[in-house]
2 protein chains.
Amino acid sequence: MEITDRQMEIIEAAGKILTTSGINGLTTKNVAAEMKFTESAIYRHFKSKEDIIVAMLHYLAETMDARLSDAVSAASGPEERFKALFRSQYRFFKAEPHFVVAVFSDGLMEQSERINDAILKIMATVMRQLMPIVMEGQQKQVFTNAISAEELLHIVLGTFRLQMFKWRVANFGFDIDRQSENMIAALLTLIKTR
Amino acid sequence: MEITDRQMEIIEAAGKILTTSGINGLTTKNVAAEMKFTESAIYRHFKSKEDIIVAMLHYLAETMDARLSDAVSAASGPEERFKALFRSQYRFFKAEPHFVVAVFSDGLMEQSERINDAILKIMATVMRQLMPIVMEGQQKQVFTNAISAEELLHIVLGTFRLQMFKWRVANFGFDIDRQSENMIAALLTLIKTR
DNA sequence: TTTCAGTAAGTGAACATTCACTTACTTTGT
DNA sequence: ACAAAGTAAGTGAATGTTCACTTACTGAAA
């Protein structure tokens, strides 16, 4: 399951197309054009278009898990870890906006069961990282115990997702940094015990 | 811009396909099959496939605005109105799940500028209805003033959207009633002044 | 000399849309 | 009262386009 340099280039080309033209624009023809070679050459490196997408999502899942682990363990205390996790997410998606399209788009999910699974796996990764932070926060009375950890998680992730959605609809036009700090602060204000 | 009976039937057929087969399944061929006539007959009633989708979204926008107005004005006080609005939304989407696919799917938005606009208009409708409720709640010190009304709105709608997403991914399999009451309660617990 | 990485030119399937034509009603002029 | 004209709503075949993917060939490097 090792990814060659050329495969990585193709994945990046596919990502670039996702950012600029969306899912409908993600065709073998466009990927080939982006790579400056013919459609058929793609099939030297990937068995199918589906495989390109799955490889991209697998790569994302792997790096995300490691990245979030690093970010979280570098901070201490629930509130700091909460911030660290979302800042890491925002920074990553800002650097690679095509993943916003890939992960938060249902058009992709419909395409195939494998792609669907890969996306759900990515979502589960974030939840797995966030859950212990929330639970620790509740245990230490830093976060509210008025609602369950699951509910807190849902609200927080829903808020994040909606922000990514708005950012995408705006064609990544506005400054996500300011908005993200804003939203992290608002969420913390709301969920912290007063 | 009046919709004929036959057009309404086609819109409903398209909706049914959306529910069962998703956006990729929404082809003229499938709509025709659902209507039990040929593809070409569709074009007696709609100029294009895009027009079917746009008509569907326009219809949704119009009925939603009226429905939410009714639901909200039947209740009194911010908290009750908040509940009334979301209960109305849940009840509606439970009765017509295909609109969940239509409104909360980006695959559709990419298809055309007109469709994109129609969906954004629907989202704006909900925000326009919810905003005064939230503001009144804050003014009366029923909802927290720790964060802005915009932020509250964003968090609440993000939570709702994520729930619709989960419901859809689960193929509308779980009981949305229980989950929705749960989520309304959790949100209110969080945003009410303590 | 074989293998790798590319090209050129195709394939069939799916797609939205258009075409000429038919059928069953409804209006209308006489 | 009734034929002629018009219309709404269907059929079936065909359109051009796009799609993912395949096959046969080619140059170059190890």
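Is B:Gln129 buried or exposed? I looked this up before anything else. B:Gln129 has 20 C-beta neighbours inside 10 Å and therefore counts as buried. The cut-offs I used are 20 or more other C-beta atoms within 10 Å for buried, 12 or fewer for exposed, and partly exposed in between, with C-beta atoms placed from the backbone.

**Note on the model.** This is a predicted model, in which local features need pLDDT of at least 70 and side-chain atom pairs count only at pLDDT 80 or more, while totals for chains, interfaces and linings use all residues. Residues are numbered from 1 along each chain as its sequence is written, and chains are lettered from A and ligands numbered from 1 in the order in which they are written.

**Around B:Gln129.** I placed B:Gln129 in helix 8 (residues 113–139) of chain B. Helices here are DSSP runs of H or I with at least four residues, numbered from the N terminus. Leaving out residues up to four places away in sequence, I found B:Gln129 touching B:Leu68, B:Val72 and B:Leu85. Contact means C-beta atoms, placed from the backbone, within 7 Å. From B:Gln129 to B:Met56 I read 73 residues in sequence and 21 Å between C-alpha atoms.

**Core.** I then looked up the largest nonpolar core and found 105 residues in it. Such a core is a set of buried Ala, Val, Leu, Ile, Met, Phe, Trp, Tyr and Cys residues joined through C-beta atoms within 7 Å. A:Ala14, A:Met56, B:Ala14 and B:Met56 have the most contacts inside this core. With residues up to four places away in sequence not counted, A:Met56 touches A:Ile11, A:Ala14, A:Gly15 and A:Ala102.

**Chain A against chain B.** The contact takes 22 residues from chain A and 21 residues from chain B. On the side of chain A that touches chain B, helix 9 of chain A gives the largest share, eight residues.

**Two copies.** I laid chain A on chain B by a turn of 180° and a shift of 0.1 Å along the axis, with an RMSD of 0.1 Å. The two copies are thus related as by a two-fold rotation axis. The superposition is by least squares on the C-alpha atoms of residues with pLDDT of at least 70 in both.

**DNA strand C.** I counted 16 residues around DNA strand C, with A:Phe37, A:Ser40, B:Thr27, B:Ser40 and B:Ser48 the closest. Near means a C-beta atom, placed from the backbone, within 6 Å of the strand. Helix 3 of chain A gives the largest share of this surface, three residues.

How values were computed. Two residues are in contact if their C-beta atoms, placed from the backbone, lie within 7 Å. Helices (H or I, at least four residues) and strands (E, at least two) are DSSP runs, numbered from the N terminus.
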